[in-house]
Amino acid sequence: MRDRQEPGESRTARVVLIVGATSGIGLATAVAFSALADKLVLVSRSAEALDAAEAACRRAGADVVDTIAEDITDPAAAGRLVARTLERHGRVDVVVHTAAVMGYGSVEEMPAEVFTTVVDTAVHGTLHLARAVLPVMRGQRTGTFIGVNSLLGSITVPRMGAYAVSKWGQRAVLRTLQQETRDEPGVSVCIVSPGSINTPIYYQAANYTGRAVRPPWPVLAPERVAAAITRLADRPRRHVSVPIGPGNPLVISGFRLLPRLYDRLVGPLLKLAVLTRTRWAPTAGTVHHPAPAGERIHGRWPSPAADRESTKD
């Protein structure tokens with residue numbers, strides 16, 4: 001894939017469209033692009049959360065911030081938000097799809113409608129967005145589409161089947177798009193695969209395990225993923241993993257090369273690293289509806305000082 005910008009080369013502000021921009025990696029990414037003085041279009045299900053995200057981006061240095069309240073699982077939503085971006089800015093240079101919802105529970109336990117929505121958000125959300133924006137990028141002869149995937153896009157874990165299916169399916173869509181855009185050298189499709197990240201998604205997840213959950217150690221700050229995404233906007237690559245040390249590659253190698261040993265260990269490790277002793281009533285979490293009050297960059301592992309202060313207001 002062709003690099004967009006050479007070191008030291010000056011550039012004009014890009015138009016950056018971020019879907020899932022009000023929490024976790026999406027909000028951290030919006031703030032990171034704000035510091036680069038790019039023009040932002042932020043998309044989320046919640047207008048209330050978008051107001052807070054816009055304020056955070058302006059504090060970080062963004063002069064132009066547009067917000068659009070849309071649910072990317074709606075097949076028509078992607079076309080509307082791309083059309084509004086073009087109407088306002090005339091082009092779209094970078095698209096980042098970070099929208100995701102998480103569910104815990106066995107394939108047998110989890111309600112079918114919850115499982116389906118977890119999968120739809122990642123798989124069909126990526127599909128709808130790509131179908132709406134890639135023709136625009138082809139017309140421009142340039143553009144970068146970045147999909148935020150996961151370590152769970154390369155392995156499976158018991159009681160996280162819905163999320164694994166969503167990320168395996170999303171990765172298949174993104175890899176196919178990489179193959180299908182080879183005829184347009186100026187258009188890049190990139191995949192970012194983080195491991196465990198300190199975001200609110202774990203605490204807003206659907207949960208049918210009977211226990212409260214937490215992100216498994218080691219846990220990265222979402223700013224690490226945001227930094228990888230902004231680098232891809234300048235210098236696109238097909239795939240970037242965001243691990244701590246060799247952790248992700250080792251887990252993936254174990255899953256692929258030592259499946260019997262992996263299957264024997266993964267269940268007990270899940271109970272040790274993810275499921276807490278706190279009892280938890282069955283809940284669909286934010287799978288079907290957002291919870292604006294809980295949307296912020298960081299989760300609780302540990303909650304950074306800035307977020308602790310903000311929750312006191």
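Biologist: Hi! Which residues form a nonpolar patch on the surface?

Modeller: Leu257, Leu258, Leu261, Leu265, Leu269 and Leu272 do, with about 630 Å² of accessible area together. Patches are made of residues with over 30% relative accessible area and no salt bridge, joining like charges within 9 Å and nonpolar side chains (Val, Leu, Ile, Met, Phe, Trp, Tyr) within 5 Å. Areas come from the Shrake-Rupley method with a 1.4 Å probe, and for residues only the protein chains shown count as cover. This is a predicted model, where local features need pLDDT of at least 70 and side-chain atom pairs count only at pLDDT 80 or more, while totals for chains, interfaces and linings use all residues. Residues are numbered from 1 along each chain as its sequence is written, and side-chain values use heavy atoms, leaving out hydrogens and water.

Biologist: Which helix gives the largest share of the nonpolar patch?

Modeller: Helix H8 (residues 259–273), with 4 residues. Helices (H or I, at least four residues) and strands (E, at least two) are DSSP runs, numbered from the N terminus.

Biologist: And Leu269, where does it lie?

Modeller: Leu269 is in helix H8, and it is partly exposed at 49% relative accessible area. Buried means under 20%, exposed over 50%, and partly exposed in between (1.4 Å probe, protein chains only).

Biologist: New topic: how many salt bridges does the count come to?

Modeller: The count comes to 9. A salt bridge here is a side-chain nitrogen of Lys or Arg within 4 Å of a carboxyl oxygen of Asp or Glu.

Biologist: What does Glu54 form a salt bridge with?

Modeller: With Arg58, the closest N and O atoms being 3.1 Å apart. Arg58 is partly exposed, at 38%.

Biologist: Which side chain does Arg80 meet in a salt bridge?

Modeller: That of Glu70, at 2.8 Å from N to O. Arg80 lies in helix H3 (residues 77–89) and Glu70 in the loop between strand E3 (65–69) and H3, so the pair ties together parts 10 residues apart in sequence.

Biologist: Is Glu70 buried or exposed?

Modeller: Glu70 is buried, at 15% relative accessibility, whereas Arg80 is partly exposed at 37%.

Biologist: What about Arg141, which side chain does it meet?

Modeller: Glu184, in a salt bridge of 3.0 Å, N to O. This pair links distant parts of the chain, 43 residues apart.

Biologist: Which residues are linked in a network of salt bridges?

Modeller: Arg14, Asp38 and Asp234.
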